[in-house]
Every structure is written in C-alpha cells, then in structure tokens.
Amino acid sequence: MTSALTSEWHKLRSVRSTQYVLGMVLLSLFIGAALAWAWGQTWDSMPAERRSSLSGGSIEEIMLPVLQLCLGILGALAITAEYATGLIRTSLTVMPRRPALLLAKAATIGVLALVVGVAATFAIHLVSRAVLGNRDFPGYTDLSSEAPGLLGAGTTVALVALIGFSAGTVLRSTAGAISLLVVLLFVLPMISGFLPEPWRERIESVLLTNPISALCLASISLGVALFLIQRRDVG
C-alpha cells in the first residue's frame, strides 16, 4: 500500500492539472483581498445606521465554494484522466487489487486537498481581515474564536475533492463529474434561496458547506465508487 501511495503522489504532483488547480487556489487569495478592499470602501461610505443593519458574513464564506470546486475538479481529474488515456490499465497491472488502488488515489487526493483547503481558508481569512483593518464588520471576530469554523470549512474542501474523485470514478467522465459538482455547489444553493420556509432551511442544512453533509455524501459516493470499480470492465 505504501508503494501505491507513493506512486499516486508522484502522479498527482507531476500532472499539469494539479499545477493549474493550485494556481487557481492562489488566485482566490487575490480575489478575496479584492473583495475585502471593495467591502472596506463600501463600509466607509455607509452611514452608521446602515452599518448596524448589516447581517453577518465573511469573505472566506463567499470563496469557500470556489475552493471546493477547484479541489473537486482536481479529484475528478485524478481518475478520469487515467480512463481517458487508458493509463488506468497500466495502473491496474501494477496494482491488481482495485479497491487498494482506488483507496490509494482517494487518500492522496484527500490529504492534498485537506492541506490546501485548510491553508487557503485561513489565508483568505487573514488576508481579508488585514485588508479590512479595524473596521467593525459583522461576522468577524478574533482568530481564536473563528479557528474551529475555518478548520471545518477547510475540511469540507477535502471532502468535496473526494466527492469529485468518486463522481469521476462512477461516471468516467470529467465533464459529467464537474457538472455534478457545479450543481451541488452552486445550483442547489441558488435554488434553495427561492424556496419557502421550512424547505429553504432544510435544503441549506444539507449543502456541502456543512461538514457533516459533506462527510456523509463523500462516504456514500466513495462506497459506490468502490463497489463499481470491482464489478465493471476497466475500459
């Protein structure tokens, strides 16, 4: 298993898609800083009574679905690229135990996404907080109070990467897996905003920004992927 993990890590870090996705994550830091600057300018032009009526929210909450999509795409590409090029046959020749191969890939992408997700979430928070300065925005407190929430948000990035990986294994299609991620991360939240209560609250409670919901869906989708990879032809 150690050799499989090493091999998957070498494959993951050597492909260009990994570099592109990590570049997009880095870009999200600059976008977060730009949003914080715009928020600061708007805040400064607001009368005091308008400021007090603002509801809570943060830049990292806005950027979280973007980070989730970036790492979800990387997860999907980790398996769909091998199906598209036929490299999956070589991988299974080297590692004939299909569940072991799939779990090695999942562990590799999961650990990378967890490190990147947590680091990016904290970085966006710190950068946006620094840009906002001492403005008393609702939703922003001290780092020690917000650390558990930031850690949970970063964890959902890794879980969405596993959902993308599982979707890529099941569908064997990059476009199909990415479309599914877009529906889960952007379309469902948008639709829930138009629903009446209590359906709006029910739908929002199971979106992938919730770590428990993301963990449940990642576990189910990975289980389906493990089931199918043992019963379907490689090609």
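Student: What percentage of the 235 residues of the protein count as buried?
Tutor: This is a predicted model, and the share refers to the 235 residues of the protein. A residue is called buried when its relative accessible area is under 20%. By that cut-off, the share of residues that count as buried is 41%.

Student: How many helices and how many strands does the protein have?
Tutor: Read from the N terminus on, the elements of the protein run α-α-α-α-α-α-α-α-α-α, and their C-alpha atoms belong to a protein that fills a box of roughly 65 × 40 × 30 Å along the principal axes. The count comes to 10 helices and 0 strands.

Student: Are helix 4 and helix 8 roughly parallel or roughly antiparallel to each other?
Tutor: Helix 4, residues 59-85, and helix 8, residues 174-192, have axes 10 Å apart and pack at an angle of about 160°. An angle over 145 degrees counts as roughly antiparallel, and helix 4 also passes helix 8 in a right-handed crossing. The two helices are therefore roughly antiparallel.

Student: How many nonpolar, polar and charged residues does the contact of helix 4 with helix 8 have?
Tutor: On the side of helix 4 the contact is made by Pro65, Val66, Gln68, Leu69, Gly72, Ile73, Ala76, Leu77 and Thr80. Helix 8 contributes Thr174, Ala177, Ile178, Leu181, Val182, Leu185 and Phe186. Sorted by class, with Gly counted among the polar residues, the contact has 12 nonpolar, 4 polar and no charged residues.

Student: What is the relation of helix 1 to helix 6, oblique or roughly perpendicular?
Tutor: The axes of helix 1, residues 2-14, and helix 6, residues 98-132, come within 9 Å and cross at roughly 55°. Angles of 65 to 115 degrees would count as roughly perpendicular, whereas the crossing at roughly 55° makes helix 1, relative to helix 6, oblique.

Student: How many charged residues are in the contact of helix 1 with helix 6?
Tutor: The crossing of helix 1 and helix 6 is right-handed, and the contact is made by Ala4, Leu5, Glu8, Trp9, Lys11 and Leu12 of helix 1 together with residues of helix 6, among them Leu101, Lys105 and Leu112. By class, this contact has 9 nonpolar residues and 1 polar residue, and the number of charged residues is 3.

Student: Which residues does Thr18 contact, leaving aside its neighbours within four places in sequence?
Tutor: Thr18 lies in helix 2, residues 16-45. Its relative accessibility is 5%, so Thr18 counts as buried. Leaving aside the neighbours within four places in sequence, Thr18 is in contact with Leu12, Leu74 and Leu112.

Student: Is Thr156 buried or exposed?
Tutor: Thr156 lies in helix 7, residues 143-171, and, not counting residues up to four places away in sequence, touches Leu64, Gln68, Leu208, Thr209, Asn210, Pro211 and Ala214. Because its relative accessibility is 0%, Thr156 counts as buried.

Student: How many disulfides are there?
Tutor: Cys70 is buried, with a relative accessible area of 10%, while Cys216 is partly exposed, with 42%. A disulfide requires a pair of cysteine sulfur atoms within 2.5 Å. By this rule the number of disulfides is 0.

Key. Residues numbered from 1 in each chain as written. Predicted model: local features only at pLDDT ≥ 70, side-chain atom pairs only at ≥ 80, totals over all residues. Heavy atoms only, no water. Axes fitted to C-alpha atoms, helices over the stretch in contact; angles between N-to-C directions. Helix = DSSP H or I, 4+ residues; strand = E, 2+ residues; numbered from the N terminus. Parallel < 35°, antiparallel > 145°, perpendicular 65-115°, else oblique. Left-handed = near helix turned anticlockwise from the far one by under 90°. Contact = heavy atoms within 4.5 Å. Buried < 20%, exposed > 50% of the residue type's maximum accessible area, 1.4 Å probe, protein only.
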